[in-house]
Amino acid sequence: RRARLQVKAQISDRFSASTLINLAEFNGDPKGKVLENAFISYRWNDKLNFTIGQFRPSFGLEDLYPVDIIKSLDFSNQYYSFGSNGWQSFQIGASMFGTFKNGKLPVSYAISVVNGNNRNQVTDDDNGKLATARLELGPKETFAVGLNGGFGSVKKRGVYAAGLDVAGTIKLFDKWDIQIQTEYKRGTNHRFFYGLPDSLRTDPIRRYQMGGIYFLPNIRYNINYHKLTSIEFSVRYEYFNE
């Protein structure tokens, strides 16, 4: 499914650029699919950074990890459904983000505005935009809570999305620990709403809701022998209703 090539360039001490393409998309219909990331970032300091272009806006735990290191076989159904509705996955827009380090309780934030048309759609089809915000409290290495919220307009109708996620690590024995990730989200499924024939579509749009939760425990045995750091075993339970 994925054969990726990534290029990063440090333009100056503050500007950087990144491009990510998925060569596996050439196996099927590559139109609008091959290019995944294409953005420029500006770093002022830890507290203030900007990104503009095509990227994944931060709207949950899964947006923070590349697919190479997620603790499961693939992203959740929740991620793909909220992605098709413009809240997650690859979108075109701009983002401001940063981290405030306050002792043992770091606070991270991200504010994004995207066109919500998914990747490689430079022209907005309805001039509507989606605005999202994420606030994360605590380090994920021990225990962190993330709050996600978003609102916007799609074809002049108001839509929303909201979520809560928790991540942390529990020490079991000397070399054993368990990493836990869980997310709950709920929002408007406007892609489904506008995909219905006129005869089946009934107002208001807020009746068309998607939502669910997943739980992903990851048991890790820490080896730390030469280049081998650990062996991990994970499973994910998910309930999702489109």
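Me: How do β2 and β3 pair, and over how many bridges?
Reply: β2 and strand β3 (residues 35-45) run antiparallel, with seven bridges between them. Strands count as a pair if DSSP finds at least two bridges between them. Helices (H or I, at least four residues) and strands (E, at least two) are DSSP runs, numbered from the N terminus.

Me: Which residue stands opposite Leu35?
Reply: Ile21 stands opposite Leu35 of β3.

Me: And what's β2 doing with β1?
Reply: Strand β1 (residues 4-10) and strand β2 (residues 15-22) are antiparallel too, joined by seven bridges. Together they form a hairpin, with four residues between the strands. Gln10 has Ser16 in β2 as its bridge partner.

Me: Is this a predicted or an experimental model, and what numbering applies?
Reply: This is a predicted model, where local features need pLDDT of at least 70, side-chain atom pairs count only at pLDDT 80 or more, and totals for chains, interfaces and linings use all residues. Residues are numbered from 1 along each chain as its sequence is written, and side-chain values use heavy atoms, with hydrogens and water left out.

Me: What's the mean pLDDT of the chain?
Reply: The mean is 92, and 100% of the residues reach 70 or more. pLDDT is the predictor's confidence in each residue, from 0 to 100.

Me: Where is confidence lowest, and where is it highest?
Reply: Lowest is β12, at a mean of 92, and highest is strand β13 (residues 237-241), at 97.

Me: Switching to α1. Which of its residues are buried?
Reply: In helix α1 (residues 77-84), the buried ones are Gln78, Tyr79, Ser81, Phe82 and Gly83. Buried means under 20% relative accessible area, exposed means over 50%, and partly exposed is in between (1.4 Å probe, protein chains only).

Me: What do they pack against?
Reply: The buried residues of α1 pack against β5 (91-100), β9 (157-171), β10 (176-188), β11 (209-225) and β13. Contact here means heavy atoms within 4.5 Å.

Me: Which backbone angle stands out just after α1?
Reply: Gly86 takes a positive phi of about 95 degrees there.

Me: Which residues other than glycine have positive phi?
Reply: Ser89 is one of them, with phi near 60 degrees, and Asn224 has phi near 50 degrees. Ser89 lies in the loop between α1 and β5, while Asn224 is in strand β11.

Me: Buried or exposed, those two?
Reply: Ser89 is buried, at 17% relative accessible area. Asn224 counts as exposed, with 59% relative accessibility.

Me: OK, salt bridges. How many are there?
Reply: The count is 13. The rule is a side-chain nitrogen of Lys or Arg within 4 Å of a carboxyl oxygen of Asp or Glu.

Me: What does Arg2 pair with?
Reply: Arg2 pairs with Asp74, and their closest N and O atoms are 3.3 Å apart. Arg2 sits in the segment before β1 and Asp74 in the loop between β4 (48-55) and α1, so this pair ties together parts 72 residues apart in sequence. Arg2 is partly exposed at 31% relative accessibility, whereas Asp74 is buried at 12%.

Me: And Asp177, what's its partner?
Reply: Arg220, with the closest N and O atoms 3.0 Å apart. That pair links distant parts of the chain, Asp177 in strand β10 and Arg220 in strand β11, 43 residues apart. Asp177 and Arg220 are both buried.

Me: What about Glu136?
Reply: Glu136 bridges to Lys140, with 2.9 Å between the closest N and O atoms. Glu136 is buried at 7% relative accessibility, and Lys140 is partly exposed at 25%.

Me: Which residues are linked in a network?
Reply: Arg4, Glu25, Glu36 and Arg119 are linked in a network of salt bridges.

Me: Last one: which residues make the nonpolar surface patch?
Reply: Ile170, Leu172, Phe173, Trp176, Ile219, Ile231 and Phe233 make a patch of about 660 Å². Patches are made of residues with over 30% relative accessible area and no salt bridge, with like charges joined within 9 Å and nonpolar side chains (Val, Leu, Ile, Met, Phe, Trp, Tyr) within 5 Å. Accessible areas come from the Shrake-Rupley method with a 1.4 Å probe, and for residues only the protein chains shown count as cover.

Me: Where is Ile231, and how exposed is that residue?
Reply: Ile231 is in strand β12 (residues 228-234). Ile231 is partly exposed, with a relative accessible area of 39%.
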